[in-house]
Amino acid sequence: MSCRSEHIWIEPIKGARKTSNFCWAIILFLGSLGFLLVGTSSYLGRNLISLFPSQEIVFFPQGIVMSFYGIAGLFISSYLWCTISWNVGSGYDRFDIKDGIVCIFRWGFPGKNRRGIYARRVLYMDIRGQGAIPLTRTDENFTPREMEQKAAELAYFLRVPIEVF
């Protein structure tokens, strides 16, 4: 879903707001909440979850381990939710033939270096004196034909030859 004109090509890059990340964040949150509730119910001696009686799980060592896994899972889940809400990794690639400018922009984590260039693999643009600049994400599973098509379109737009290495 790129935007193109005669002199400018803008390729939007999808960040952390993908369906798979939402699914993993929900699964991780619910699973870790379950672990924490089981550990807490074994400590209190009450059934907070009605699937099995709390008397079957002894607080030391099973309840402590379940509580630890629950707390660790909640931390990882909160990290995933923050990554999704900040949309880390999103941005755009902008190619301007008229001015001879290539702009590769990605959002990072909040802080001093929120804006930046992030390394990805597979499709690179080689700039004299600057080295290779990655243009695709690591989680984009392009077939060789799709990658070749994208490289050919970009090379045609920029009026430069394609090198395969």
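**Entry 1: ground rules and layout.** I took helices (H or I, at least four residues) and strands (E, at least two) as DSSP runs, numbered from the N terminus. On that basis I found 3 helices and 7 strands in the protein. I noted that this is a predicted model, in which local features need pLDDT of at least 70 and side-chain atom pairs count only at pLDDT 80 or more, while totals for chains, interfaces and linings use all residues. Residues are numbered from 1 along each chain as its sequence is written, and side-chain values use heavy atoms, with hydrogens and water left out. Reading from the N terminus, I wrote down the order of the elements as β-β-α-α-β-β-β-β-β-α.

**Entry 2: surface and contacts.** I looked up the accessible surface, computed by the Shrake-Rupley method with a 1.4 Å probe, where for residues only the protein chains shown count as cover. The protein's total is about 11500 Å², and 62% of this belongs to carbon and sulfur atoms. I called a residue buried under 20% relative accessible area, exposed over 50%, and partly exposed in between (1.4 Å probe, protein chains only). Of the 165 residues in the protein, 30% are buried. I then turned to contacts, meaning heavy atoms within 4.5 Å. Among those between residues at least 6 apart in sequence, 53% join residues at least 24 apart.

**Entry 3: strand pairing.** I counted two strands as paired if DSSP finds at least two bridges between them. Strand β3 (residues 91-96) pairs with strand β4 (residues 101-107) in the antiparallel sense, over 6 bridges. Tyr-92 has Phe-105 in β4 as its bridge partner, and Asp-96 has Ile-101 in β4. The hairpin of β3 and β4 has 4 residues between the strands, and Gly-100 takes a positive phi near 70° there. I also found β2 paired with β3, antiparallel, over 6 bridges. In that pairing I noted Ile-10, whose bridge partner in β3 is Arg-94.

**Entry 4: salt bridges.** How many salt bridges does a search of the whole structure find? The search gave 4.

One of them joins the side chains of Arg-4 and Glu-153, at 3.2 Å from N to O. Arg-4 lies in strand β1 (residues 3-4) and Glu-153 in helix α3 (residues 144-158), so this pair ties together parts that are 149 residues apart in sequence. I checked the exposure of both: Arg-4 is partly exposed at 47% relative accessibility, and Glu-153 is partly exposed at 28%.

Another joins Lys-150 and Glu-11, with 3.7 Å between the closest N and O atoms. This pair also links distant parts of the chain, with Lys-150 in helix α3 and Glu-11 in strand β2 (residues 8-13), 139 residues apart. Lys-150 and Glu-11 are both buried.

I also looked up Arg-94, which forms a salt bridge with Asp-96, the closest N and O atoms being 3.5 Å apart. Arg-94 is partly exposed at 28% relative accessibility, whereas Asp-96 is buried at 6%.

**Entry 5: rings.** I paired rings of Phe, Tyr and Trp (its six-membered ring) if their centres lie within 6.5 Å; planes under 30 degrees apart count as stacked, over 60 as edge-to-face and the rest as tilted. The structure holds 10 such aromatic pairs. In one of them, Phe-68 and Tyr-69, the ring centres are 5.9 Å apart and the planes stand at 50°, so the pair is tilted. Phe-68 is exposed at 56% relative accessible area, while Tyr-69 is partly exposed at 48%. Phe-105 and Trp-107 make an edge-to-face pair, with 5.1 Å from centre to centre and 85° between the planes. Here Phe-105 is buried at 15% and Trp-107 is partly exposed at 29%.

I found a cluster in which ring pairs link Trp-9, Phe-95 and Phe-157. Last, I looked for a charge over a ring, which requires NZ of Lys or CZ of Arg within 6 Å of the ring centre and within 35 degrees of the ring normal. Arg-4 lies over the face of Trp-9, at 4.3 Å from the ring centre.
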